[in-house]
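Welcome! Take a moment to look over the sequence and the model, and then let us walk through a few of its features together.

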Amino acid sequence: MKVEELSKYFPLKKFDENRQRLYVKAVDNVSFSVHEGETLGIVGESGCGKSTLGRTMIRLQEPTNGHIYFQGEDITGLKERQMRRIRKKVQIMFQDPYASLDPRMTVGDIIAEPIDIQKMYPDKKQRLARILELMELCGLNKEYITRYPHEFSGGQRQRIGIARALSVNPKLIICDEPVSALDVSIQSQIINLLIDLKKSLNLSLVFISHDLSVVKHIADRVVVMYLGRIMEIGTKKEIFENPQHPYTQALLSSIPVIGENSFETMQVLEGELPSPVNPPPCCPFHTRCPKAVPECAKMIQPLRNLGDGHMVSCWKAK
């Protein structure tokens with residue numbers, strides 16, 4: 001998948017002094033690619049636009065500007081019936097395992113819902129066999145097929161969500177903070193399951209999270225977002241061992257380290273987070289950046305390639 005200059009603005013019932021409608025600029029002019037067979041992590045603090053970006057990529061929310069390409073095809077302007085063909089190849093996992101499953105449907109019907117929509121297994125025996133295969137693949141007992149979501153724990157519900165996403169044999173799955181609502185021990189089980197499924201089924205994943213430790217474990221490349229914009233893109237090694245943007249450095253310093261006093265090395269960001277309704281026309285991070293230079297307040301630095309695809313939006317990056 002390739003995203004070019006993608007933006008998503010939400011209109012408000014407010015107007016500025018010139019009577020122009022105000023918008024929340026949740027995603028603002030972002031561009032990147034997801035390579036075949038890789039896991040792309042998207043990280044940033046709450047409210048940076050990660051989840052909106054993921055939903056816009058699959059057009060659960062319509063983009064305001066920009067283009068989305070999947071396997072070379074521009075899917076930005078496709079109609080609903082045409083998008084159904086694309087959604088057979090691109091699926092999504094949601095953050096809340098409690099709200100993402102219909103409480104009136106059994107596990108079997110939940111997993112089979114995408115299959116029925118795509119009309120993949122009209123034969124009932126084949127349909128049942130596929131459901132049971134997916135349940136086994138995701139670590140669910142077959143006798144759960146007639147049970148309802150309220151009978152399961154959060155981790156089991158997320159496994160049901162994974163089975164539902166896999167039911168139509170997708171090429172790409174967008175994972176929208178799939179473990180943030182789970183206990184730490186359950187998080188590791190779900191992450192390891194996703195890693196195993198990616199290898200065995202040759203999947204590509206977009207893994208959205210605010211937990212950098214989780215992203216470090218699962219991602220091949222990482223996109224760092226702040227206030228709807230991309231600050232840095234690079235391989236996992238480049239981002240975690242050689243971060244160039246001050247915001248990335250501040251995020252990494254906040255990761256707790258066992259046996260160390262993390263508060264002594266943590267970079268505390270000063271100043272207030274700018275409003276997404278009226279973000280700075282220059283670098284959105286310059287009001288809180290400890291390394292800001294005069295150029296930062298004049299114009300934004302476009303993503304600049306430092307080599308091997310390591311791209312940074314910063315005047316001081318080397």
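Strand β1 and strand β4, which covers residues 65-70, run antiparallel and are joined by 4 bridges. On the β4 side, H67 is the bridge partner of E4. Keep in mind as you explore that this is a predicted model.

The pairing of β1 and β4 belongs to an open sheet of 4 strands, in the order β2-β1-β4-β5, with antiparallel pairing. At its edges sit β2 (21-33) and β5 (73-74), each of which pairs on one side only.

L6 belongs to strand β1, residues 2-15, while R130 is part of helix α4, residues 124-137. Are they buried or exposed? Both fall under the 20% limit for buried residues, so L6 at 0% counts as buried, and so does R130 at 9%.

| Residue | Element | Relative accessible area |
|---|---|---|
| L6 | β1 (residues 2-15) | 0% |
| R130 | α4 (residues 124-137) | 9% |

What does L6 touch, leaving aside residues up to four places away in sequence? Its contacts include V27, D28, N29 and V30, and also N65, G66, H67 and I68. K79 lies 73 residues from L6 in sequence, and their C-alpha atoms are 18 Å apart in space.

Methods: Residues numbered from 1 in each chain as written. Predicted model: local features only at pLDDT ≥ 70, side-chain atom pairs only at ≥ 80, totals over all residues. Heavy atoms only, no water. Helix = DSSP H or I, 4+ residues; strand = E, 2+ residues; numbered from the N terminus. Buried < 20%, exposed > 50% of the residue type's maximum accessible area, 1.4 Å probe, protein only. Contact = heavy atoms within 4.5 Å. Pairing = 2+ DSSP bridges.
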